[in-house]
Amino acid sequence: MALPRVDVLGVGISAVDPATALAEITRRVETGERGYVCVTGVHGVMESQRDTALRRIHNASGLTVPDGMPMVWAGRRAGAPGMSRVPGPALMLDVLARAAERGWSSYLYGAGPGVPELLAERLRARLPGLRIAGTHSPPFRPLTPEEDAEAVRRINDSGADLVWVGLSTPKQEHWMAAHRPLLTAPVLLGVGAAFDLHAGLQRPAPAWMQRRGLEWSYRLAREPRRLWRRYLRNNPAYLARIALRPPRMRGTD
């Protein structure tokens, strides 16, 4: 049975907490039910207003978890009081801890040169017994058909149960949707900056800022040149649109 979702400006955000998300991913890995997981906040919702394909991708996911307090507040307003934050970095650690316990293997795809390898090293040190089936940092440019076919072959040949995708939104969501029919791993997970964070290349926002929905301001202070346009464009527009179109429970998809 599909999990209920909250309609946030046309994007179905799964009404889950970390434990529910972990349970659903576990079920899919152990039954072999194929799907992909989106980790979505205001940025993903607002990109989906401009990109209808991205909105369809979010809505067709196995899970689209609430990354950030604005999604949680939207869910609670719509009638999902048990909904809570499921940020990508925390979800990654939860699932990988379960993977280490149960012998699942993971493939790390994304981020800059050398980052997946560094990430694999850090994760193995943190989670004894964790199986990393392979790593790959694709070029920033679009891949040729031959390069893409080779990447698919390597992932499938690795026998991975989980494919972690660190390409940032919306690139990683489009990649997962396009490659879902080609990959044998049951679950693909788009976790973006979690690669850099767990590799030790970025620092997370303080917990108190995350709880108050201020993580965006921390990230903006650290990367103003890259992020100021995103937040100036998205945050006021999100508030205006959500006032005109309040979130609502969608039921089951």
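This is a predicted model: local features need pLDDT of at least 70, side-chain atom pairs count only at pLDDT 80 or more; totals for chains, interfaces and linings use all residues.
Residue numbers run from 1 along each chain as its sequence is written, and side-chain values use heavy atoms, with hydrogens and water left out.

Ser-106 is part of strand 5, which spans residues 105-110. Helices (H or I, at least four residues) and strands (E, at least two) are DSSP runs numbered from the N terminus. The relative accessible area of Ser-106 is 0%, and the residue is therefore buried; buried denotes under 20% relative accessible area, exposed over 50%, and partly exposed the range in between, with a 1.4 Å probe and protein chains only. Beyond its neighbours within four places in sequence, Ser-106 is in contact (heavy atoms within 4.5 Å) with Leu-96, Arg-131, Ile-132, Ala-133, Gly-134, Ala-160, Leu-162 and Trp-164. With Trp-164 there is also a side-chain to side-chain polar contact of 3.1 Å. A polar contact is a pair of N or O atoms within 3.5 Å; within protein, one must be able to donate a hydrogen and the other to accept it, and residues adjacent in sequence count only if both atoms are side-chain atoms.

Side chains of opposite charge can pair when their charged atoms come close. A salt bridge is taken as a side-chain nitrogen of Lys or Arg within 4 Å of a carboxyl oxygen of Asp or Glu, and 14 salt bridges are counted by this rule.

In helix 1 (residues 18-31), Arg-27 and Glu-24 are three residues apart and so separated by about one helical turn. Their side chains form a salt bridge with an N to O distance of 2.8 Å. Arg-27 is partly exposed at 33% relative accessible area, while Glu-24 is buried at 10%.

Helix 2 (residues 42-50) holds Arg-50 and Glu-47, also separated by about one helical turn because they are three residues apart. The closest N and O atoms of this salt bridge are 3.1 Å apart. Arg-50 is partly exposed, with a relative accessible area of 36%, and Glu-47 is buried at 18%.

Glu-150 and Arg-154 are four residues apart in helix 7 (residues 145-158), about one turn of the helix. Their salt bridge has its closest N and O atoms 3.1 Å apart. Glu-150 is partly exposed at 29% relative accessibility, as is Arg-154 at 42%.
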